[in-house]
Amino acid sequence: MTRDGTFKTGESARTCLSTKMAVAPPSYCFVAFPPRAKDGLVVFGKNSARPRDEVQEVVYFSAADHEPESKVECTYISIDQVPRTHAIVLSRPAWLWGAEMGANEHGVCIANEAINAREPAAETEALLGMDLVRLGLERGTTAKEALDVIVALLEEHGQGGNYYEDAHACHSFQSAYLIVDREEAWVLETVGKYWAAEQITEGVKCICNQLSLTTKIDAQHPELRSYAQSQGWWTGEDEFNFSEVFSPADDHLDCCAGKDSLEKKEESITVQTMIDILRDKAGGVCIDSESFLTTASVVSVLPQNRSSPCIHYFTGTPDPSRSIFKPFIFVDDVKLVPKAQSPCFGDDDPAKKEPRFQEKPDRRHELYKAHQWARAVIESDQEQGRKLRKTMLELEKQGLEAMEEILTSSDPLDPTEVGDLFYDCVDTEIKFFK
């Protein structure tokens, strides 16, 4: 790919089959810093709004060393691998390589939002925003380092390709990211290879599926402003307001549903507060529409005291108001959880073969199937559903209380006690549903 985003002769230039414009579904991610967050904790949360029938899996990859000049195969393209990648845990649509959200062993969390901008996203297959989430986690030891990784890859490879497992239409989007560690967060918003970023170190922040950065820009693409001028979007005389310059003219939406949910909380924001916000259907944070559903959710707790472990709670199932948030902690010997992982179809996967997505295999994992039963009961049987949900919340509460003990304990963490933490929680949940 050349600097202007065009492809050289012989280089891959596959595009989606259709030019139908897609609208990004309302999806939210949040971060709260002390003193708004309780007890010196940074609290991060994300709801992933995706097509209703899409399965999201939770997968762990250990740190790894790689051969010189080796390649990594992302969703649509291969790029140069780095000598070492960090251990990561991801929640991702099961058909692709990247992730909607995840964390790494160094306490970095990243979430991605598909956004609409003044300039349509490229349909040419390149890196997806979700690929860049995973690459940032694999290669960044801090939030700022992960941001630098993402924008460098964006410059080199561009972003584009179908966001959905859909043979009938191309859904391509620009991307925004919330990148968080124990000390700071960065909001990164991108349009093609151009980008702007804001540093956050206090208070609360919510981002959703539209550009939100205005005049406070702490880092940017060196040619961002000259590009805006060349397109006739900015005169160069007015104050530069990123979202005003790059948002579509008809974009009158706002992030108020998520923003209000977080900012109106008068008490200290805890893990439970963040979970409650992600479950908020009335406020529009938890999506359950004809086309889209909150297919997975995550909450992460990043203690600013480095002697305490970061704890990440994943649902691995749709609709957080009917799901259990289950804890995960990075240690050397994390037990893999096949029951939260979708079947692997290898080279026969319709997402890998061209033309893509000619059929949709059954990607449901064991946890998803068991959870489908629970959702059906809650929806159809008022009495039994109420009892079931009460028991689910009790299971979740036990997990939250056990993690609270770990965070408040002065004893060092015993890795042997938490290596199979997420595995055991998934196992218990499935047995309970049966």
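Start with the cysteines: a search of the whole structure finds zero disulfides, a disulfide being a pair of cysteine sulfur atoms within 2.5 Å. This is a predicted model, in which local features need pLDDT of at least 70, side-chain atom pairs count only at pLDDT 80 or more, and totals for chains, interfaces and linings use all residues. Residues are numbered from 1 along each chain as its sequence is written, and side-chain values use heavy atoms, with hydrogens and water left out.

Select Cys74 and Cys344. Cys74 is in no disulfide, and its nearest cysteine sulfur, that of Cys344, lies 16 Å away. Cys74 is buried, at 4% relative accessible area (buried is under 20%, exposed over 50%, partly exposed in between; 1.4 Å probe, protein chains only).

Next select Cys425 and Cys310. Cys425 is also in no disulfide; the sulfur of Cys310 is the nearest from a cysteine, 18 Å away. With a relative accessible area of 23%, Cys425 is partly exposed.

Now move to residues 129-139, helix H1, and residues 143-157, helix H2, which pack at about 130° with axes 8 Å apart. Helices here are DSSP runs of H or I, at least four residues, numbered from the N terminus. Axes are lines fitted to C-alpha atoms over the stretch in contact, and angles run from 0 to 180 degrees between N-to-C directions. H1 and H2 are therefore oblique to each other (under 35 degrees is roughly parallel, over 145 roughly antiparallel, 65 to 115 roughly perpendicular, the rest oblique).

To see the contact (heavy atoms within 4.5 Å), show Leu132, Leu135, Gly136 and Arg139 of H1 with Glu145, Ala146, Val149, Ile150, Leu153 and Leu154 of H2.

Note on methods: Helix = DSSP H or I, 4+ residues; strand = E, 2+ residues; numbered from the N terminus.
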